[in-house]
Structure formats: structure tokens, C-alpha cells
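Hi everyone, thanks for coming. Please have a look at the sequence and the structure on the screen, and then I'll walk you through a few spots.

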Amino acid sequence: MKKLILPLFLVTASLHANNEIYLDQSGGSGTFTIKQDGSTNNFGSVSDRAELTGDSKIFTAITTGTANEIYIRETGNSTTTELLITGNNNKFDSKVDGDSNQTIFEVSGNDNDIIVKADVDADIDNTTSNTIVDVTVAGNSNDVVFSMVDTDSIFNLWNLIGDMNSINSYQQGQTGGIGHSQMVDIFGSSNNVDIYQVGLEANSIDLFVIGSDNNYTITQTDGTAPTYTN
């Protein structure tokens, strides 16, 4: 596959069926907009993620259609990432590492898979901290996984509208760091919500639900090592 090394200016790509983009970017203060419109388009892959490295970046991904896939790795501080997904059976998989970042998800559709995890290397301590993740899911049977291990002061906001969705959010803090917090609003029925917070520092969860037959598992523990994995 061809790999694109893009300069630091606005990059807009409008895609139709079966298109692929591989991005390897480094440097600060870049603005990137990636548009995928159609079906079975790819932005990165499982074995070759799109790389976004640097501080003060603005990255926007707009995905419209069916069975599109996005795989990215973000490294840097004070960055803003906005992900707009409209359609069914799309997949977004992101690894993040940095300080004072903000990520915004807006998902409208059914049977979409969204995964966001701290990018932890076996030999490198993760530095993800002071990060805000604002997630809105409107639809049915969507699967959202958010996993932050060895992180500090992560704030999750969930707004879930629909039925039979699965939310799995895991936060494990750094020893001596600042605790995590989550605010979860659910409007719908037969949703599964699994929230797990680990760490010696204070964590908080604020849960608001309107609907029936929803299942919740909320666990807080002061263990210094993760006792649960997604």
C-alpha cells in the first residue's frame, strides 16, 4: 500500500466505495479533515494505522455510509478530534496518548463499533491525562468501548439515545494522580452499560436513565492494578 506523508495544512478527502487512505503525519498545529462517503472505505488498517503525531492538532473525520473503517493512532497534547459517523456497520478504532486533549464523537446509525484506548506500550508509561471525551450515540445495537489504563484525570460524557446498545467504559488511574469521572445519560431500553473505575484517587460517576430493561454494572475499586479488562 502507498503511504501518504502530508504537510501541515487542511487536507480534505472525499471518498466513495472501496477507497483507502494511509496517513503518516508529524508536526504541530495541523488541521486535517477526512471525509468518507459511501461504503467499504478504509482510513488506515489494523496493521497500519493512520499516524497523527504532534501538538495542537485539529483532526476531523466525517464518515457517511455503510461498512467503512477508520484506524488511527494519535500522539500529542492540546489536540481536538471530532468524529462524525452516520450510517450502519461502520467501525472506528483509535489509540490515544497525550495531555489536555478533547475528543468528540457523534454517531447516528445502527450496528456501529467504536473503540478508544490509551496507547500503552509494554516498555513505556502512558501519559494520557486531562482528557475530555464527549460521546453521543443515536441508534440501536451500537457497541462502544472506552479503555484508559494508567491514565490521569479522564472525563467521559455519554449521551446514549436508542435501544440494545452496549457501552463498556474502563478507567484505571495512575498512583498518586487525579481520579476519573463519568457522566452518563441514557434514553432508551435494553441497553447494557458496564463502567469500571480503578485507582486510589477519588472517582465519580453520574448516571441518568429514562427507559426500561436496561442493565448496569458499575464498579469502583481502590486497587492499584487493573482487575478487569475489556
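Let me start with a question: which residues does Phe92 touch, not counting residues up to four places away in sequence? Phe92 touches Ile70, Ile72, Leu83, Ile85, Phe105, Asp113, Ile114, Ile115 and Val116. Contact here means heavy atoms within 4.5 Å.

A word on the model itself. It is a predicted model, where local features need pLDDT of at least 70 and side-chain atom pairs count only at pLDDT 80 or more, while totals for chains, interfaces and linings use all residues. Residues are numbered from 1 along each chain as its sequence is written, and side-chain values use heavy atoms, with hydrogens and water left out.

Now, the core. Phe92 is among the residues with the most contacts inside the largest nonpolar core, which has 34 residues. Strand E14 gives the largest share of this core, 6 residues. By nonpolar core I mean a set of buried Ala, Val, Leu, Ile, Met, Phe, Trp, Tyr and Cys residues joined through side-chain atoms within 4.5 Å. Buried is under 20% relative accessible area, exposed is over 50%, and partly exposed is in between, with a 1.4 Å probe and protein chains only. Strands are DSSP runs of at least two E residues, numbered from the N terminus.

Next, the charged pairs. The structure holds 2 salt bridges, meaning a side-chain nitrogen of Lys or Arg within 4 Å of a carboxyl oxygen of Asp or Glu. One joins the side chains of Arg49 and Asp93 at 3.0 Å, N to O. Arg49 sits in the loop between E5 and E6, and Asp93 in strand E10, 44 residues apart. Both Arg49 and Asp93 are buried. Glu51 and Arg73 also meet through their side chains, at 2.7 Å, N to O. Here strand E6 supplies Glu51 and strand E8 supplies Arg73, 22 residues apart. Glu51 counts as partly exposed because its relative accessibility is 21%.

Finally, Asn142, in the loop between strands E13 and E14. Why is Asn142 classed as buried? Because its relative accessibility is 2%. A polar atom of the Asn142 side chain lies 2.9 Å from the backbone nitrogen of Asn112, and the backbone nitrogen of Asp111 lies 3.3 Å from a polar atom of that side chain. Asn142 is also in contact with residues including Val107, Met164 and Ser166.

Note on methods. Helix = DSSP H or I, 4+ residues; strand = E, 2+ residues; numbered from the N terminus. Polar contact = N/O pair within 3.5 Å; in protein donor to acceptor, adjacent residues only side chain to side chain.
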